[in-house]
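Work through the exercises below with the structure in view. Try each task before you read its solution.

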Amino acid sequence: MHLLCIVNICALSFTTFSDAPLALSLYCPLILTMLCASQALWWLKLGAGVPAVEDAELALVRTGRFSGLITLALCAWALAVFPHGDAYGQSHVVFFMAITIIGSVSCLTHLLPAAIVVGLVANAVFLAFLVPSGNTVFLTMSLNVVFVSGAFLLVLAGNYREFTSQVEAQLRTEALGRENQRLANIDSLTHLPNRRSFFARLSAECAAASAKQSRLAVAMLDLDGFKAVNDLYGHATGDSLLVEVGRRLEQACPNDAFLARLGGDEYAMIVANAQEADLLRVGERICEEIAAPYVLDGISVLISASVGFAVYPDHAAEPDLVFEYADYALYEAKQNKTGRTVLFCKEHSFAILRNAKIEQALRDADLRAEIAVAFQPIIDLETGRVASFEALSRWESRELGDVSPAQFIPIAEKAGLVSELTRVLLEQSLCAAQQWPEPLRLSFNLSPKDICSAGGALRIANIVLKSGFDPRRIDFEITETAMMHDFPHARQAVEALKALGCGISLDDFGTGYSSLTQLQTLPITKLKIDRCFVADLQEQTTGYKIVKSMLSLARDMGIDCIVEGVETEEELRTLRQLGCRLVQGFHMSKPLDQEAARRYVGAILIEPGKVSA
């Protein structure tokens, strides 16, 4: 539009230069040309980038006002020049006004308000000046311009409506796309960033840290005891708990940290430029915040959180690897003591390499040739004889030599190899137990995978039935952690084994998160009290009171109670005084091979004594 006005101004100035005064033929057109040129340059500069919404709105308002003013100025100049020309010159002035009106309206296709302003101003001046002139040609031209520009405005109005509807549709599409993108990266429950968003952010943050040669830390957080709450009180309470945990984490995390929920009860965090001491303080603050009591729908709930940290690029130079190391640090935190923070270190790197070698050796192993069973006696204090043997796994790898069960059992569980390991161990244990006299019992440990996987209990039952060993002489030991891993499936498996005639021992009782409500729904026949409550028992510490309460609970429930980890005569004496009947530990005997276990059958291992009241 501005270029059209400049061309028309120059053309009219040229044709009137010899007749009109210099002010009208040179200075006025020069000023008008400069105004149009400056406005055109301003638009070119504005269009070089993507303006902000506020700048775009201001530009449109300014264009509408300028269009009206420049149109009025051009009309005034043309009318001032009109009297100084002959008939041809005056015809050129009228033509200038007509072509400028129509051309300007056409150029303002996507700015309808400005086009209307130009059309109304120019046609009003056109008609007001030419109608009174009495010149039929000029009158006809003015009316013709009015109709043509009116027709243009009607067409423009239709196009403008279509254009604006397209723009609005595009805006709606873009807004919907942004909302879909937001929803795809936001956890619907806690409204924190989700797993997808976290890994995208982690990749970007690691790339930025690499470019700046800076550090960042990745934290993995896992709730301890959440599944028990979810199973006991229902998913609605569990969801409310997760929302409250997310809120507490936002308060406990540093302001510049990126917090996300990965799924379930797992959260993750990215912390930039943090020193190791700062990370440990952050982890402790998170653990304290999460451990505070929750009140949800009138229910008081207690859980804890474990945190694992790894640092980029100190521990790993790849985003996926630093996340994996943070996850390993979390695993270490949960293995040793829940509710604490662990920072990845060199020892963990060695452990990961060692675990990888153990896993590969397990996959390559001939389990029947390399796996053996040891038996630790469980002593009846009333008789001093063996009441049962607990089967314990031993592995002498062809590649690695002797490997501790504390190392290879967790690795087998994580690698999905534990079911095959259980099958080989159970078959060997049952074969050895066939040589024991009745009523000597076999105690065998089952992993969470054994009782929570589909068909796990059926596979175990088939092994027992094929062996020919009396199922009523078997006690399957299941930890509280295994029960809480998937309580409904675990209960079904336990009930199936109990229906077969097997006994069910709840191992490590008191160290997990099971509740008495769940305990009474399980067909438990024995409780095993963990070693952690037995140490310094004779000092009558808190452990003394706990063991005393557990023994009393077992008597009231009509089930046996085994205290494991007895290592001193003082501990044994105190347990006798508390009325304990069944004990297990190094003080009586270390794990024995099959031949040694057979020699222990019938022998008196400790002095018999009556159970105290």
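The exercises cover a helix, aromatic pairs and the surface of this predicted model.

**Exercise 1.** Check what span helix α15 (residues 418–433) should have against the distance between its end C-alpha atoms.

Solution. 
- Helix α15 has 16 residues.
- The expected span is 1.5 Å times one less than the number of residues, so α15 should span 22 Å.
- The end C-alpha atoms of α15 are 22 Å apart, which agrees.
- Buried residues in α15 include V418, L421, L425 and A432.

**Exercise 2.** Classify the ring pair F375 and F389, then say which strands it ties together.

Solution. 
- The model has 11 aromatic pairs by the distance rule.
- The ring centres of F375 and F389 are 6.3 Å apart, and the planes stand at 75°.
- Planes over 60 degrees apart count as edge-to-face, so this pair is edge-to-face.
- F375 lies in strand β8 and F389 in strand β9, so the pair ties together parts 14 residues apart in sequence.
- F375 has 0% relative accessibility and counts as buried. F389, at 0%, is buried too.

**Exercise 3.** Is L26 buried or partly exposed?

Solution. 
- L26 is in helix α2 (residues 22–46).
- The relative accessible area of L26 is 35%, so L26 is partly exposed.
- L26 forms a nonpolar surface patch with L22 and Y27.

Technical notes. Residues are numbered from 1 along each chain as its sequence is written. This is a predicted model: local features need pLDDT of at least 70, side-chain atom pairs count only at pLDDT 80 or more; totals for chains, interfaces and linings use all residues. Side-chain values use heavy atoms; hydrogens and water are left out. Patches are made of residues with over 30% relative accessible area and no salt bridge: like charges are joined within 9 Å, nonpolar side chains (Val, Leu, Ile, Met, Phe, Trp, Tyr) within 5 Å. Accessible areas come from the Shrake-Rupley method with a 1.4 Å probe; for residues, only the protein chains shown count as cover. A salt bridge is a side-chain nitrogen of Lys or Arg within 4 Å of a carboxyl oxygen of Asp or Glu. Helices (H or I, at least four residues) and strands (E, at least two) are DSSP runs, numbered from the N terminus. Buried means under 20% relative accessible area, exposed over 50%, partly exposed in between (1.4 Å probe, protein chains only). Rings of Phe, Tyr and Trp (its six-membered ring) pair if their centres lie within 6.5 Å; planes under 30 degrees apart count as stacked, over 60 as edge-to-face and the rest as tilted.
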